[in-house]
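Biologist: Please take a close look at the aromatic side chains here and at what surrounds them. Keep it simple, and go one step at a time.

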Amino acid sequence: MKFKILTICLLFQFQTFGRPIRIVVADLLGSATYIDEVVITKYDGKGKIYFLSLKYKDTINSASCGRLLTNGWNFPYRKEENNWTENQPFIGDTVLVIMDGYDRVKVYGKRVKNNFRLWSPLMSGSLAYFDFENPIKPIEKTKLLNNSDTNKTMACWDGCLIPVDKLDFLVKNYKAKFSKKINSINLKQFKGNPVYSIFYNDTLVYFRDLVWVDEPPGKFHSLLLTYNNGKSLEIVPLIDEQHPRQFSAKRQFDMEKFKQMKIQKIDWSN
């Protein structure tokens with residue numbers, strides 16, 4: 001039996017605290033579950049944000065935002081630096097919303113002239129940084145990382161600029177590239193390693209859906225991660241005395257305990 005995890009605790013449990021959050025823009029756009037320009041209408045104070053699409057009436061209208069807010073906020077960085085990492089849009093703001101497999105807003109974007117200025121609403125260790133390539137641009141040259149090749153690939157602190165008229169093309173292109181990237185991963189490298197190694201992988205971390213599998217009901221068996229190519233990755237843990245199989249009549253399994261277990265079997269289920 002399978003069921004989806006919907007609890008808000010998923011917002012942070014795979015974040016790696018102490019080092020900056022890295023956003024690979026090609027993978028983000030290629031794996032996103034939702035990308036749309038919306039008007040923010042409400043925060044419920046329990047970690048959820050509500051919005052209305054500018055294009056479609058019958059579509060997603062809420063997401064996890066990662067903070068218990070009743071309105072947006074600007075993180076108190078020094079104004080002269082103009083950093084946006086960890087900012088949340090205010091009610092009434094019009095922003096681009098990019099959602100990931102946790103049903104949360106991974107990145108926001110704001111129209112600045114002819115570009116969407118992207119930023120991360122979460123911070124870990126310092127400002128988030130973004131990896132990208134042309135035609136995406138840095139927010140300013142002073143924030144480019146030293147290893148950037150400005151003729152092709154770049155990395156920039158605090159965000160990047162996506163030309164508004166290029167967004168649809170980039171999403172379509174990156175979805176195709178991301179699907180091929182997933183297929184090229186050697187899964188054997190994860191066998192015998194702790195489960196959390198999956199969520200540190202730059203590609204596999206961008207899943208669209210997460211599902212527990214319990215067979216029979218209440219007896220934990222495995223975890224399924226589904227990706228944009230329609231494939232589901234099944235992760236079966238090694239059961240031993242230190243990490244016994246979990247039981248839960250309410251199917252509320254402990255993710256932290258699961259992440260510490262070693263991987264016995266990992267393969268595509270379809």
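**Rings and their surroundings**

Modeller: Start with a cluster: ring pairs link Trp 212, Phe 220, Phe 253 and Phe 258. Keep in mind that this is a predicted model.

Now follow Phe 220 to its strand. Phe 220 belongs to strand 14, and Asp 214 stands opposite it. Strand 14 covers residues 220-226. Its partner is strand 13, and the two run antiparallel, paired over six bridges. Together they make a hairpin with five residues between the strands. Look at Gly 218 in this hairpin: its phi is positive, near 95 degrees. How much of strand 13 is buried? Five of its six residues are, so the rest of the structure largely encloses this strand.

Next, the other ring pairs. The structure holds 13 aromatic pairs. One of them joins Phe 178 and Tyr 206. Where do the two partners sit? Phe 178 is in helix 2, while Tyr 206 is in the loop between helix 3 (196-199) and strand 13 (209-214). The pair therefore ties together parts that are 28 residues apart in sequence. Are these two residues buried or exposed? Phe 178 is buried, at a relative accessible area of 1%. Tyr 206 is buried too, at 7%.

Tyr 227 touches both of them. Leaving aside residues up to four places away in sequence, its other contacts include Ile 182, Leu 204, Phe 207, Leu 233 and Trp 268. It also touches Thr 203 and Arg 208.

In soluble globular proteins, nonpolar side chains tend to be buried together. Here the largest nonpolar core has 55 residues. Tyr 227 is among those with the most contacts inside it, and so is Phe 258 from the ring cluster. Leu 29, Leu 118, Phe 130, Ile 198 and Leu 225 are also on that list. Which element gives this core its largest share? Helix 2 (residues 167-183) does, with six residues. A second core is separate: it has 16 residues, including Ile 49, Phe 51, Ala 63 and Val 95.

Finally, rings can also lie under a charge. The charged end of Arg 117 sits over the ring of Trp 84, 4.2 Å from its centre. Lys 42 does likewise with Tyr 50: its charged end is over the ring, 5.3 Å from the centre.

Notes:
Residues numbered from 1 in each chain as written. Predicted model: local features only at pLDDT ≥ 70, side-chain atom pairs only at ≥ 80, totals over all residues. Heavy atoms only, no water. Core = buried A, V, L, I, M, F, W, Y, C linked by side-chain atoms within 4.5 Å. Buried < 20%, exposed > 50% of the residue type's maximum accessible area, 1.4 Å probe, protein only. Helix = DSSP H or I, 4+ residues; strand = E, 2+ residues; numbered from the N terminus. Contact = heavy atoms within 4.5 Å. Phe/Tyr/Trp six-rings, centres within 6.5 Å; stacked < 30°, edge-to-face > 60°. Lys NZ or Arg CZ within 6 Å of the ring centre and 35° of its normal. Pairing = 2+ DSSP bridges.
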